[in-house]
Amino acid sequence: MSLAELLASARAAFKAGEARKAADLFARAQALAPRDPEIPHERGLALLEAGEVGLAARAQGEALALDPGHTGARAQRAAALEALGDDRGAADELRRLLEQLGPQPALSARLLGLEASAQRAAARRLLGAPPARLGHSPLVGTAFVRSDPLRFHAPFAELSAAVQGGAIARLDLVFASMDASMARSDLSYGGTTEDEHGRRVPLDEFSAAAIVFLSESLGVEPIRARRLLSFLLTEECGTGPHRLAGAQLGWTIAGGNGTRQYGLYTAA
């Protein structure tokens, strides 16, 4: 298909409610016109509609890299970052948007709310907190047993912390077998979480532990940690690191093919 045909098909799919198909078509169009900021912007809208919040934020970042003055992309990136739990990043985008647009009372009020939320997250998070707080965190709860001051073990994973300047600077959660944990129901963290519509949904052991790990590490709500995990699990995400919610986060891989272990980390 030509560029014009791809864009027409993508917009038609988006209008018909086929957001994932539209995002794929916009990606193909973007490959043909890599300097057009409107295409990643539209792809970001489709990804957001498809529930791919992290990929939507990244697509709007691609649009802004091509056109820093694209107000639609900046507004949408702010919304996507807020949905991911990155209130600090969302506030930065809104601040730049206000510099472009001039006084906007509604946006200014939203910016104040995001700044306050980012401050609350910083106070709640394990990163930057005294090491003693880790042992009393819901992340450790009844699932992990302390093996030394900065290391905890559970049958399914190992949790460790690195300290710098008297504060937690990095947290690692390494799974004994990610595949096995994904096949087991969660028995350590309540077994369920809320989906995007407020319904309770069951969780596997890996998802539950990873959501609680991200939530407690970063000081964000579980539903936003769940969106972060969904982004980290996408092929496009890779192993990271990604700067989100005021921290670096990504994957670690240890061992050879026969004993490979996967883990998540967060770092200040």
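The largest pocket in this predicted model has a volume of about 330 Å³. Its lining holds 15 residues, with Gly51, Glu196, Arg226, Arg227 and Ser230 nearest the centre. Two elements, α10 and α11 (222-232), each give two or more residues to that lining. The largest share, four residues, comes from α11.

A pocket is found on a 1 Å grid over the protein atoms alone: it is an open set of points where a 1.4 Å probe fits, with protein on both sides within 12 Å along at least five of seven lines, and lining residues have an atom within 4 Å of a point. The volume is the space filled by probe spheres set on the points, which are joined across faces, edges and corners. Helices (H or I, at least four residues) and strands (E, at least two) are DSSP runs, numbered from the N terminus.

Now for the second largest pocket, where Arg77, Leu81, Asp86, Arg243 and Leu244 lie nearest the centre. Elements giving two or more residues to its lining are α4 (53-66), α5 (71-84), α6 (87-101) and β7 (242-244).

Next comes the core. The largest nonpolar core has 72 residues, and Leu134, Phe144, Phe156, Leu159 and Tyr189 touch the most other members. Helix α10 (residues 205-218) gives the most to this core, nine residues. Such a core is a set of buried Ala, Val, Leu, Ile, Met, Phe, Trp, Tyr and Cys residues joined through side-chain atoms within 4.5 Å. Buried means under 20% relative accessible area, using a 1.4 Å probe and protein chains only.

Let's zoom in on Ser137, in the loop between α8 (132-135) and β1 (145-148). Ser137 is buried, with a relative accessible area of 4%. A polar atom of its side chain sits 3.0 Å from the backbone nitrogen of Leu139.

Finally, a few ground rules. Residues are numbered from 1 along each chain as its sequence is written, and side-chain values use heavy atoms, leaving out hydrogens and water. Because the model is predicted, local features need pLDDT of at least 70 and side-chain atom pairs count only at pLDDT 80 or more, while totals for chains, interfaces and linings use all residues.

Conventions:
Buried < 20%, exposed > 50% of the residue type's maximum accessible area, 1.4 Å probe, protein only. Polar contact = N/O pair within 3.5 Å; in protein donor to acceptor, adjacent residues only side chain to side chain.
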